Amino acid sequence: MSVETPNRPIDQSIIEPQHVETALLHRGGTAGSLTPPMHAASTFSSSSPDEAARKARRPRVTDFYSRYGNPTVQAFADAVADLEHAEAGLCSSSGMGAISSLVLALCSKGSHIVTQRQLFSGTTLLFESVCPRFGIDVTFVDVDDSEAWAAAVEPGRTALVFAESPANPGLKLVDLDAIGAVRSAVTVVDSTLATPLGQRPIDHGVDLVVHSATKALSGHNDATLGVIAGDKTLVNEIWTYATIHGACASPYDGWNGLRGLKTLGVRLERQCANALAVATALERNPAIAEVHYPGLASFPQAELASRQLANGGGCLTIELAGGHDAAVSMVESLELALLAPSLGGPETLVNHPASMTHAALSPEQRAAMGIGDGMVRLSLGLERAADLIRDFEQALVPRP
Ligand SMILES: *Cc1c(COP(=O)(O)O)cnc(C)c1O
């Protein structure tokens, strides 16, 4: 491992002291620097053609050509792999870059994929409109129906089982033990909303975990980045394809990812506390029909949440009693919270799926995915909870 990834700390124990948040802060640079170096190079010299050829074949090489691997980018992938208890990590230019290269590396014409109906919109498009063009057959099941997952897997035909938990945007959970128990196909969990401090799918027997590191991992809304972690043989196989796919991450974003990991623990703590405070306040507000938050006692999968999530997370989803118009009026009336896609950053963001990410679908299609026209997803930032509660409460006062 250390031959392949020179930036990985030699002393593995640094990431496994009593508390991982402490270890993350002390994952420094070299020569006394508290921050890691940034290698903004696209290419690296070799002493002979033989050496160059050897490098080009070494999985996740960091001293050949940056489309094959870059030291700064790989240092971030290694840090996430450590956090996820994974053997190996690989970065991509975005969460979708990671998901696309993973799916296209592991599936071919005739392959079968099992996934869920309630998914991030980009992943939905990949499975619904790209995979069929390449003769890849996809079965969609309900996120919270563990038996449907198992029943949809056809040993010998199913190549990939792809889960997302908590799932965008309704925050329903997939039973990670049920996914990890599938042995006849490669299992993947998109764990973006949980972060490695919320859950570790690999500990449940899952083969690969994927993150949009654009979100909480880099954590400052200033990087577009994706990462895959898991079984080394699979990660190396994905790397072989990823060098051709070409969605490689920039060293600047890899560096911002490393910077973000240092404060992940303290940011997540504040975001979870804010999410719980806002969820509790909105549950009492007559303008709100429903609040979906894994940290609330009223969450339908509260038992599963307490079994597999270390915290409630920084996102919550609400359904406005007044439907579409009430949701639009609320998001337009917010003064602190910003209307923007993305989540896990320092600023509180809101997203109205029916008019933003899922606007192209019919109300019936959205309903099948569990997306009501009055649904709004909140990503809680680092503001003071009282300021946020005041903002949401003023935005929910009926306008003349
Ligand atoms: C944002 C997101 C993605 C896609 O990541 P990008 O970095 O935007 O490409 C995938 N999955 C989930 C759950 C996400 O929230």
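Me: In which sense do E1 and strand E7 pair, and over how many bridges?

Reply: This is a predicted model, in which local features need pLDDT of at least 70, side-chain atom pairs count only at pLDDT 80 or more, and totals for chains, interfaces and linings use all residues. Residues are numbered from 1 along each chain as its sequence is written, and side-chain values use heavy atoms, without hydrogens and water. Strands are DSSP runs of E with at least two residues, helices runs of H or I with at least four, numbered from the N terminus, and two strands pair if DSSP finds at least two bridges between them. E1 and E7 (residues 226–230) pair in the antiparallel sense, over five bridges.

Me: Which strands are the edge strands of the open sheet?

Reply: The seven strands have the order E1-E7-E6-E5-E4-E2-E3, with mixed pairing. Pairing on one side only marks the edge strands, E1 (88–92) and E3 (137–141).

Me: Why is the pair of Phe127 and Phe162 edge-to-face?

Reply: Rings of Phe, Tyr and Trp (its six-membered ring) pair if their centres lie within 6.5 Å; planes under 30 degrees apart count as stacked, over 60 as edge-to-face and the rest as tilted. The ring centres of Phe127 and Phe162 are 5.4 Å apart and the planes stand at 70°, so the pair is edge-to-face.

Me: Is Phe127 buried or exposed?

Reply: Buried means under 20% relative accessible area, exposed over 50%, and partly exposed in between (1.4 Å probe, protein chains only). Phe127 lies in helix H5 (residues 121–130), 35 residues from Phe162 in strand E4. Like Phe162, Phe127 is buried.
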